[in-house]
Amino acid sequence: MEQPKVPYALNSKKVADATREWLLRRGVKVEQIAELVLLLQNKYFPNLTKEECIHNVERVLSKREVQNAILTGIQLDILCEQELLIPELQDMIKHDESLYGVDEILAFSILNVYGSIGFTNYGYVDKLKAGILEQLNDKSLGPVNTFLDDIVGAVAAAASSRIAHRKQAEREQAKGE
Ligand code: MG
């Protein structure tokens, strides 16, 4: 007997859960992203704690646009590992061709969420290539992370921007402005 077709309906909770699950499966923990945030922001906010950074990364990860970018990027990395892409695209993604650039464009959709300072923070985190980013960029380890490294950098940059906006609001409130 034919199964009745279930009409498509977006399940936001499932998308959010899948995002967390796939980040972990690809070796990225929220804590490691928070470490990048701390590195980016502790010169501006010396009292910033790791817990605050974790909280801000969590808030970024709760955004739909961010989840969509993460899942799309991870999916393309996986398809590339499985050699399932159009050969010309396969070659470019596999070799992280610097003139490809769509990995960065996808990451930019994450930066947009917290305004233009996200781009400044992204440029900085991308240059540092510290912590988890160093690991994701190590091509000798096997997995393809052409999309994931930009995505993780962008999540850290967006969380940093969120902190900067919040801290400024706190300062102004404290002054009674
Ligand atoms: Mg890349």
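**Figure 1. Overall fold of the chain.** Of the contacts between residues at least 6 apart in sequence, 78% join residues at least 24 apart, where a contact requires C-beta atoms, placed from the backbone, to lie within 7 Å. This is a predicted model, in which local features need pLDDT of at least 70 and side-chain atom pairs count only at pLDDT 80 or more, whereas totals for chains, interfaces and linings use all residues. Residues are numbered from 1 along each chain as its sequence is written. The chain has 9 helices and 0 strands; these are DSSP runs numbered from the N terminus, helices being H or I of at least four residues and strands E of at least two. Along the principal axes, the C-alpha atoms fill a box of roughly 65 × 45 × 25 Å. Buried residues account for 34% of the 177 residues; a residue is buried if 20 or more other C-beta atoms lie within 10 Å of its own, exposed if 12 or fewer, and partly exposed in between.

**Figure 2. The largest nonpolar core.** This core, with 42 residues, is a set of buried Ala, Val, Leu, Ile, Met, Phe, Trp, Tyr and Cys residues joined through C-beta atoms within 7 Å. I33, V37, I151, V152, V155 and A156 touch the most other members. Helix α9 (146–174) is among the elements that give two or more residues to the core, and α9 contributes the most, with 12 residues. Leaving aside residues up to four places away in sequence, V152 touches V28, I33, I132, L133 and L136.

**Figure 3. Packing of helix α2 against helix α7.** The axes of α2 (residues 30–41) and α7 (residues 117–128) come within 11 Å and cross at roughly 110°; axes are lines fitted to C-alpha atoms over the stretch in contact, and angles run from 0 to 180 degrees between N-to-C directions. The two helices, α2 and α7, are therefore roughly perpendicular to each other, a term that covers angles of 65 to 115 degrees. From α2, L36, L39 and L40 meet N121, Y124, V125 and L128 of α7. By class, this contact of α2 with α7 has 6 nonpolar, 1 polar and no charged residues.

**Figure 4. Loop residues with positive phi.** Most residues other than glycine have a negative phi. D96, although not a glycine, has a positive phi of about 45°; D96 is placed in the loop between α5 and α6. D96 is partly exposed, with 17 other C-beta atoms within 10 Å. K129, also not a glycine, has a positive phi of about 45° and lies in the loop between α7 and α8. K129 is partly exposed, with 15 other C-beta atoms within 10 Å.

Conventions
Angles under 35 degrees count as roughly parallel, over 145 as roughly antiparallel, 65 to 115 as roughly perpendicular and the rest as oblique. Two residues are in contact if their C-beta atoms, placed from the backbone, lie within 7 Å. Ala, Val, Leu, Ile, Met, Phe, Trp, Tyr, Cys and Pro count as nonpolar, Asp, Glu, Lys and Arg as charged, and the others, Gly among them, as polar.
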